[in-house]
Amino acid sequence: MQYSCNFQKVYQTDVLVVGGGTAGFGAAVAAARNGAKTMLIEQTSVLGGMATSGLVGPFMTCFDNDVTEQVVKGIFDELCLRTEAKGGAIHPSKVRGMCSHNSYYLGSHECVTPYQSEMLAVTMDEMVTEAGVQVLFETRLADVLTDGSKITHAVVLMKEGLCAIEAKCFIDCTGDADVAVRAGVPTWKGDKQTGDMQPTTLFFEVGNIDKEKYIADLEANKHLLDNHMGNCYSWTVREAKANGDWSLDKNELGMYEQNLPSRWKVNTTRMAFVDATDTEQVTKAMMEGRRQVQEVLAFMRKYIPGCENVQLIQVADVLGVRETRHIVGKYELTVDDVLKHAIFDDAICTFAYALDKHDSEGGGVTWSLVDQYYTIPYRSLLPVNCDNLLVAGRSICGSSEAAASYRVMPACVAMGQAAGTAAAMAVAENIKPEEVCIEKLQNTLIEQGTVIKRN
Ligand SMILES: Cc1cc2nc3c(=O)[nH]c(=O)nc-3n(C[C@H](O)[C@H](O)[C@H](O)COP(=O)(O)OP(=O)(O)OC[C@H]3O[C@@H](n4cnc5c(N)ncnc54)[C@H](O)[C@@H]3O)c2cc1C
């Protein structure tokens, strides 16, 4: 079947950022601050992606593995500081390991950033507005128009109908590489050999917990935590399973206190083998997630000291998706790069979060700490087959295992900042993103707060 129509509106811009999650936010602010006329489209009505509509949190660590130096700064740090100033976050430098803010995990969980999603969204609104970005909510990328190896327009669905946005440079921050796929960039899903992707989770928030009682019980049971790597209440989950009160794949209760003592984010539901680029599968997973939320609440009330009167505050509007597509780009970041301190000549940011791979069948988690820190190369943001596209966030060119580290939000903001800065430079100089002078890009990023470790 074919269909043709006239676009209801046609916009023009220098840089179009598609997707307003943490990566898209960083990209749009950076592109606009560096002089490009910038638009950002987002299919929901809030910036932040997983951090807000997904209720995911806290931001995982932005420090090195020795917890001696903050290695993600720039726009990410500004976001944390400005949200903290509003009473909506706690700066990561103030949060230690094995506490209520990190569900009693230690490895890679020191210096996380607890935040209230609604407050984060307000700070993001302020920062994009101050930078001069034109944001369009409720606007979803449907397709792209191309001319040879360049994208000329994004075709978007708005309330008005189908519209088009013409841009000189595009940044795909959809998490699913939606722009790249439509532009003909090759991609793969999950693990290259098996196609397995990390499981999905529906986050929710609870309150009315007797915190003193809850903490006292956990402190008393600290010796049961596996190697100080978390596994909170795995012993109680085992008991509940035996009683027929726990049918979930996950074997622990992940409770993350926010900056407000009255609110906790819960990371415990699990829907495995969901391809989140398939609408029917997402719909089914959302319904199953909401069912699991009710089961977890009942478990908490029955088994967890201090949670007898726990109340549901809200369930995320969107499914928590850890992994879908990875683009084929100019360099594939490997698990060895992540674990073994890779310092690239074209590094655009530094990161140190552990490999945190949730098994595809939903139950366990594989953990490996990185060697101090590693860098992410600019080439991993550059897709093959498309001359005016950058990709930032969890769908860059990297193996499924490597993504188990760089998929988390501080790295996504940092990748976004790099992509936005590079796009602005490419537009200003009328060159392809791949022709941007790396030294100039790195110097600009460093001047604007990014930490880039070099040999
Ligand atoms: C269950 C779960 C737990 C996690 N825990 C943590 C944690 O504790 N700490 C941490 O730091 N990280 C955590 N992560 C990882 C992290 O949240 C994500 O990997 C990260 O947010 C990805 O950022 P992104 O900007 O690439 O994508 P997203 O945050 O997914 O943002 C993509 C945005 O693009 C929009 N979009 C998508 N397609 C289109 C389209 N076609 N048109 C228009 N807009 C579109 C979406 O609406 C969304 O706003 C977790 C992830 C999950 C799923």
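**Ligand shell, domains and sheet of a predicted model**

Around the ligand stand 37 residues, the closest being Gly-19, Gly-21, Gly-49, Gly-320 and Gly-393; a residue is near a molecule if its C-beta atom, placed from the backbone, lies within 6 Å of it. The model is predicted, and local features need pLDDT of at least 70, side-chain atom pairs count only at pLDDT 80 or more, while totals for chains, interfaces and linings use all residues. Residues are numbered from 1 along each chain as its sequence is written.

Two or more residues of the ligand shell come from each of helix H1 (22–33), strand E4 (140–147) and helix H10 (409–429). Helices (H or I, at least four residues) and strands (E, at least two) are DSSP runs, numbered from the N terminus. H1 provides the largest share of the shell, three residues. By class, the shell around the ligand comprises 15 nonpolar, 15 polar and seven charged residues, where Ala, Val, Leu, Ile, Met, Phe, Trp, Tyr, Cys and Pro count as nonpolar, Asp, Glu, Lys and Arg as charged, and the others, Gly among them, as polar.

H10 also meets another helix. Its axis and that of helix H2 (residues 74–85) come within 7 Å and cross at roughly 125°; axes are lines fitted to C-alpha atoms, for helices over the stretch in contact, and angles run from 0 to 180 degrees between N-to-C directions. H2 and H10 are therefore oblique to each other, since angles under 35 degrees count as roughly parallel, over 145 as roughly antiparallel, 65 to 115 as roughly perpendicular and the rest as oblique. Gly-74, Ile-75, Phe-76 and Leu-79 of H2 make the contact with Pro-410, Val-413, Ala-414 and Gln-417 of H10, two residues being in contact if their C-beta atoms, placed from the backbone, lie within 7 Å. This contact of H2 with H10 has six nonpolar, two polar and no charged residues.

In the loop between strand E2 (38–41) and H2 lies Pro-58, which a cis peptide bond with omega of about 0° joins to Gly-57. Glu-138 is placed in the loop between strand E3 (134–136) and E4, and its phi is near 55°, a positive value in a residue other than glycine.

At the level of the whole chain, the domain assignment gives domain 1 (10–94 + 111–193 + 323–357 + 370–447) and domain 2 (204–315); such bounds come from an automatic or database domain assignment. The C-alpha centres of domain 1 and domain 2 are 30 Å apart. Their contact takes 13 residues from domain 1 and twelve residues from domain 2. The side of domain 1 that touches domain 2 has six nonpolar, four polar and three charged residues.

Four strands form an open sheet in the order E9-E10-E8-E11, with antiparallel pairing; two strands pair if DSSP finds at least two bridges between them. Strand E9 (255–257) and strand E11 (311–315) are the edge strands, each pairing on one side only. From one strand to the next the twist averages 30°. Strand E8 (residues 204–207) is joined to E11 by four bridges, and the two run antiparallel; Glu-205 stands opposite Gln-314 in E11. Three bridges join E8 to strand E10 (residues 264–266), again antiparallel, with Phe-204 opposite Val-266 in E10.
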